[in-house]
Amino acid sequence: MAVKAQSMTWVLASALCLFAAASPIADQTPQMVVVSGRVLDGTTGEPIQGATITLNGVPREAANTAPPTDSLGQFAFEVRVPGAYSVSAQKPGYMSGTYGQTGPTSAAGYFTVTAGTPLNGLVVRMWRYAQAGGTVRDERGNPIARATVHALRPAVLAGHGRLQTGRTARTDDLGAYHFSELVPGRYVFALRPGSGTTATPYPTLFYQSSESARAATPVDLNVGDVRTLIDFDQRHIAGFTISGTVKLPADLTQPVSLQLTRVDPGEMPSDVVGMTVTTRPDGTFAFPRVRPGPYMIRAVVYPMWSGDGGGSMRF
């Protein structure tokens, strides 16, 4: 009986092996799905050629970029993993656009990829940056080179209004400056002559030629605007000299940066510093050609690397 049982077991095992060998193995390779769409100008509806396309999603694809859009603004991805995805587009001169946006600052959206089901007709919209520029001249009409122009954005911090620096531009040898990528909105443009590290015979000006930020003329920029003639005409000023001495600790060896800022009552503070000078080795300083009015002096000490090879920092 024992021999017969062993024989039956061997026959059963052999049959199972034959059945397994005869059964086809299921294909475990994920099925590829094509996801395609177009990139359009959010204002004109025209196709945008040459935009860089990125696929964003969870789970993230190993290859998440597609060739640049063609003349019809078309793009296509091959997706192998089902899930929620989004598509974003970038191109110089345009703000980044993402699927689902209906405006330059609106929220993005997602789409769902299902196994075996192609997804066509996606639309990604992009909006052009605004541009602004002008010229800076002195009282004789000569261009002022290497002056810094600030594009300030009104903001509210801790319940108080303030003008925050978003971008800066430098004037060239012809006194011209240009901002090529400004997010649409309200701006106040301010001019700070010189490199920002030395005193100059010119005050900081807010467009149009006001020394007060509150009296400045704001400029509203819409999508794709190209605004020119935001000019500044500087005037040489005589003014007064503010001088003094900064008492330095014995272990402080580097110069101290001093910032002179006007603090008129009711004035809107801004990130633009009126004038900056550096203390001399003996701690003395001087701000030349200062216009009458109330001011605040702020001392700033920047850290210095010790150079001992350990990457330590000292003040």
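Predicted model: local features only at pLDDT ≥ 70, side-chain atom pairs only at ≥ 80, totals over all residues.
Guide: Residues are numbered from 1 along each chain as its sequence is written, and side-chain values use heavy atoms, with hydrogens and water left out.

Visitor: Why is Ser 36 called buried?

Guide: Buried means under 20% relative accessible area, exposed over 50%, and partly exposed in between, with a 1.4 Å probe and protein chains only; Ser 36 has 16% relative accessibility, so Ser 36 counts as buried.

Visitor: What makes the pair of Tyr 187 and Phe 189 stacked?

Guide: Rings of Phe, Tyr and Trp (its six-membered ring) pair if their centres lie within 6.5 Å, and planes under 30 degrees apart count as stacked, over 60 as edge-to-face and the rest as tilted. The ring centres of Tyr 187 and Phe 189 are 6.1 Å apart and their planes lie at 25°, so the pair is stacked.

Visitor: Why is the pair of Tyr 207 and Phe 232 called edge-to-face?

Guide: Their ring centres are 6.2 Å apart, and their planes stand at 70°, so this pair is edge-to-face.

Visitor: How do you know that Tyr 207 and Phe 232 are buried?

Guide: Tyr 207 has a relative accessible area of 11% and is therefore buried, while Phe 232, at 0% relative accessibility, also counts as buried.
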